[in-house]
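This briefing goes with the sequence and structure shown below. Please read the points alongside the coordinates.

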Amino acid sequence: MSITQPDVDVVIIGLGWTGSIMGLEMTSAGLNVLALERGADRSKEDFLYPKPADELKYGVRLKMMQRPRQSTVTIRRNRQEQAIPQRHWTTFHPGDGVGGAGSHWTGVLYRATPNELALKSFADRTFSPGFLPEDMTIQDYGVSYEELEPHYDFFEKVAGLSGQAGNIQGEMIEGGNPFEGPRKNPFPLPPLPRTLTDTLFTKATQALGWHPYPYPSANVSGAWTNPYGMQLGPCNFCGFCSNYGCLNYSKASPQTCTLDALKQRENFAYRTGCEVTRIVKHEEDGTVKGVIYRDADGNEVFQPAGMVILASFPLSNVRLLLLSEIGKPYDPVSNTGVVGRNFSYQITGSMDLYFKDHQFNPFISAGGSGQVIDDFSPDTFDTEQHGFIGGSYIYTTQGPGGAIGALRTPPGTPQWGSEWKKQVRQHYGHHMMIGTTGTNMSYRDVYLDLDPTYKDPHGDPLLRMTYDWKENDLRMTEFMAERMREIVAQLQPDYHTESVKQRGDHFDPSSYQSTHITGGAIMGTDPKTSVLNRYLQHWDAHNLFVMGASAFPQNMQHNPTGTVAALTYWSAQHIRERYLDNPGPLMSPS
Amino acid sequence: MPQYRNWPVRLALLAAAVSAAGAAMAVLGDSPTHSQSSISTDSAANPQLIKRGAYLARAADCMACHTREGASKEYAGGRPIESPFGTIYATNITPAPKAGIGEYREQDFAAALRQGIRADGSYLYPAMPYPSYASLSDDDIKALYAYFMEGVPPVTEPAPETSLSFPFNQRWAIRFWNWLFVDEVSNTSSANHSRDLSGDRQQLLERGRYLVQGAGHCGSCHTPRGLFMQEKALNDQDGDEYLAGTELNEWQVPSLRGGDASGLRDWSEDDVIDYLATGRNRHAATGGEMTSVIQHSTSHLTDADLSSIAAYLTTLGATDKQRASSAPASTPSSHTAPDATTRQLTSATSLDEGARLYLDNCNACHFANGRGADSVFPPLSGNTQVNADNPTALISTILYGAQLPSTPKRPERLQMPGFDWRLSNEEAASLASFVRQSWSNDASRVTPEQVAEVRQAHGPGKPAQQGRPDSLDHAREDAASTPPSN
């Protein structure tokens, strides 16, 4: 090791949402904090109007994302296949640089419901014995909705969440989501202005007896100053949200919500271009003593630290734990070990409706603009009768209307030439999409481990993903397709097309699905089935905490960012109130 | 970098006046003396006193001039104040013995602050605001002295010497200027707000007055200057031109008088507090020289002191000139029907070039109604810089953007991009003219020549490329290598 840096109290790996929140929390506790970010620095300079409004650069070439040549994953659908590396990001988009996925996310900000956080307990008391498939490995999070509520509430204020509450302390509010967990407070800001797609969707779903509500949006509807004094400006519906940095200070992100406040603190520092390659263990007691990273010049550096907070993307979290040999790697054959276990993803579907007589103006759009129903959530109807556990929310969103991605033509249209141009002209702005975002259960043979063949430029093995759709989840999504068809029937488009999965389908990583990658380093109350305890503290190394959706035991229908942030504040609270005075395991196994 | 472009003419006049006043100089004597005060030579400083001194140094914004921009060593001087007859360098005021002021006794320090006289007896250029600091209390001088002697690390590198050409290098001549324009310690209480006020309010106003007139030296920029560069009024007793607004580097410096329509008439005390603490409020976002004042000085003041400053400014009435030409109060209300500009932009039909450019470049943040968003995007309707007689500030902001300071209460460096890279002189002029003549605004049109002058003065700079999409580079390359086709 050529270089050893001076000791710090806390080193944070990754400076996105969770890294910057932990930075704020740990510096508030008076600790000296250093964040190491693999990618480049990203300030508002990078997002100045109109720079981000570049569909080719960010929407197609994905310049906000991790470079596959720097690190990627290999994918296979079962243990018999040879895993192949993703050489271009298709099915999901892992972020890169300061701000991470928090800079390029869409801005849909949800809470989990009480039952989603305790799904196994819910299933045990709801379904007939033996109903769940034998290879399904779902678990409770180990933390309750009531425990997380104050942290959801705080983060929603950090992000200026815009929308309509449906349940405030048990009181049901007309126009909100009646199936959400009770909130202490209303949303910080009212919903975004409604679009034509919202209006049509509302009418159709109300006619079906369902309960439409506005998408909870972190693209804010008005000027907002958050608890750190950071500011957001009203969203102008430019439509450059997912895959883009926001050009208008309107999307909650580390750049608009946390970073400038954090940078003011004298006990905080960060270094970019620094890729952590190992978390280093103490030989004696299993705690960690720091990290090894490669700096921007390629030097290998040891950074000693009293505490390590792993706050990178879920895939990077799991890989770094495996590379550092902290925690026992999961083995699906013997069903032992934990790191890599309960990897899960998201199952989505969509329908595209064409209306000759409606002009939708898809160039007027925001990622968090839209209308939703939660009537088909895991705990809102009898799913057992339909043969599955789980659910999806069904939504519409207008646009985006980019010149490359938003061109729709009817089936049978040639891919180029004058006929294609004619059809594009006729159809642009006449489409409305409806979609489902659904749960994904965890299974014994769906997991992450280190690839035996492919390596990164440092010679370290890539992460390998073994993943396929399962019958339970496909039944669920087939059921949702039926519900979407009911909406289509109400709306009576001139025609519609469908992109939905059905039983017999296998995972196809060649098209975009979702970036809601979860699990692999899950939280729980039993070290035999979880990497982290319910405070996101590593069972085997009490001074190592792991943030992010890698802690989810299975994926919920609702978008993960709200729960990721709430868990981070929850963990920080227990570090500050209990751990710092008395370092050691925050709980014993149940 | 501060530039005082009017100085050459005025200093030349000053030099002429000084030469013609030789006899007067003889009468006055030729050796400066320190005025008597209760300043002691006792230098036993306690941490509390040093802390208070540090706070006062913030209030007096010593850093603005005495720390070079981006320098890591505070108060080491060297910040250049450019002028065509030479550069005035701010001095090193760290306690280094030779390079700094380490050998100053407390009374030397007091004389420099209040009278502009250095320990060696020579005169400071009145870029140093000693006419304002003259009213600092003995206790505050003592605290500042304690801080600069014991709270600031010494920096042994000397700041560059200021060496102006003749006659501006004749520092002795400044004595005459001082005799004419600098009051002896003017710590008198003002009379115009002494009655009918509770003791608390009175105390608040007095504190505000003391901070504004003394340490804050707000008049240095906000009070119009006379023929000899002297502030036309050094305090509220000195005439209603005190803080009545002027121009600096061709940017309008707004009036701070609570009664002025062009000043703070429409601002509440909370608006003033927000502005000083954060550089932004519902009316305005800071720009130009004030950005650094907020960053280094006012954002560090206590809420109590900001309240007292705000309270004091509201007591300053309109100037006589203002009263004569007073416009009715303009309180833009969101309840009124949309004005003609808003309707025009919303319907987006029959737009002239300026309106179209506004929609393409400005509307996303400042909106069709020109009102922006509270404390995030400043309103353009009724905006001081938009409506200034001299459009330089507006043109400069359109071309090169603006950035708010990061302050403890509002850490976000909200930034407006520059449009230099995509607007021609003609386009920028159309856009600026549109903004100056829309909503409640009523200012003169801007010409392409005026835009060209601002571009010329700015020169090619780094912020010019802000916001420019990188893909344009490739697009240009592609276009250059592809033969034109129809």
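The structure is a predicted model, in which local features need pLDDT of at least 70, side-chain atom pairs count only at pLDDT 80 or more, and totals for chains, interfaces and linings use all residues. Residues are numbered from 1 along each chain as its sequence is written, and chains are lettered from A and ligands numbered from 1 in the order in which they are written.

**Chain B overall**

- Chain B has 21 helices and 6 strands, where helices (H or I, at least four residues) and strands (E, at least two) are DSSP runs numbered from the N terminus.
- Among the 486 residues of chain B, 46% are buried; buried means that 20 or more other C-beta atoms lie within 10 Å of the residue's own, exposed means 12 or fewer, and partly exposed lies in between, with C-beta atoms placed from the backbone.
- In chain B, 66% of the contacts with a separation of 6 or more join residues 24 or more positions apart; a contact requires C-beta atoms, placed from the backbone, within 7 Å.
- Contacts between the chains involve 23 residues of chain B and 24 residues of chain A.

**Domains of chain B**

- Chain B is assigned domain 1 (7–181), domain 2 (199–320) and domain 3 (340–476), with bounds from an automatic or database domain assignment.
- The C-alpha centres of domain 2 and domain 3 of chain B are 26 Å apart.
- Their contact takes 21 residues from domain 2 of chain B and 19 residues from domain 3 of chain B.
- On the domain 2 side, strand E4 (251–253), helix H11 (269–278) and helix H12 (290–296) of chain B each supply at least two residues, and H12(B) gives the most, with 3 residues.
- That side of domain 2 of chain B comprises 6 nonpolar, 11 polar and 4 charged residues.

**Helix packing in chain B**

- The axes of H9(B) (residues 199–213) and H13(B) (residues 303–314) come within 7 Å and cross at roughly 90 degrees; axes are lines fitted to C-alpha atoms, for helices over the stretch in contact, and angles run from 0 to 180 degrees between N-to-C directions.
- H9(B) and H13(B) are therefore roughly perpendicular (65 to 115 degrees; under 35 is roughly parallel, over 145 roughly antiparallel and the rest oblique).
- The contact of H9(B) with H13(B) has 8 nonpolar, 3 polar and 3 charged residues.
- H11(B) is largely enclosed by the rest of the structure, because 7 of its 10 residues are buried.
- The buried residues of H11(B) pack against H12 and H13 of chain B.
- The axes of H11(B) and H13(B) come within 9 Å and cross at roughly 130 degrees, so these helices are oblique to each other.
- The contact of H11(B) with H13(B) divides into 9 nonpolar, 2 polar and 1 charged.
- Gly279(B), which follows H11(B), has a positive phi near 80 degrees.

**Thr436 of chain A**

- Thr436(A) is found in strand E18 (residues 431–438) of chain A and counts as buried, with 25 C-beta neighbours inside 10 Å.
- Thr436(A) and Met351(A) are 85 residues apart in sequence and 9.1 Å apart, C-alpha to C-alpha.
- Leaving aside neighbours within four places in sequence, the contacts of Thr436(A) include Thr348(A), Ser392(A) and Met480(A).

Terms used
Two residues are in contact if their C-beta atoms, placed from the backbone, lie within 7 Å. Ala, Val, Leu, Ile, Met, Phe, Trp, Tyr, Cys and Pro count as nonpolar, Asp, Glu, Lys and Arg as charged, and the others, Gly among them, as polar.
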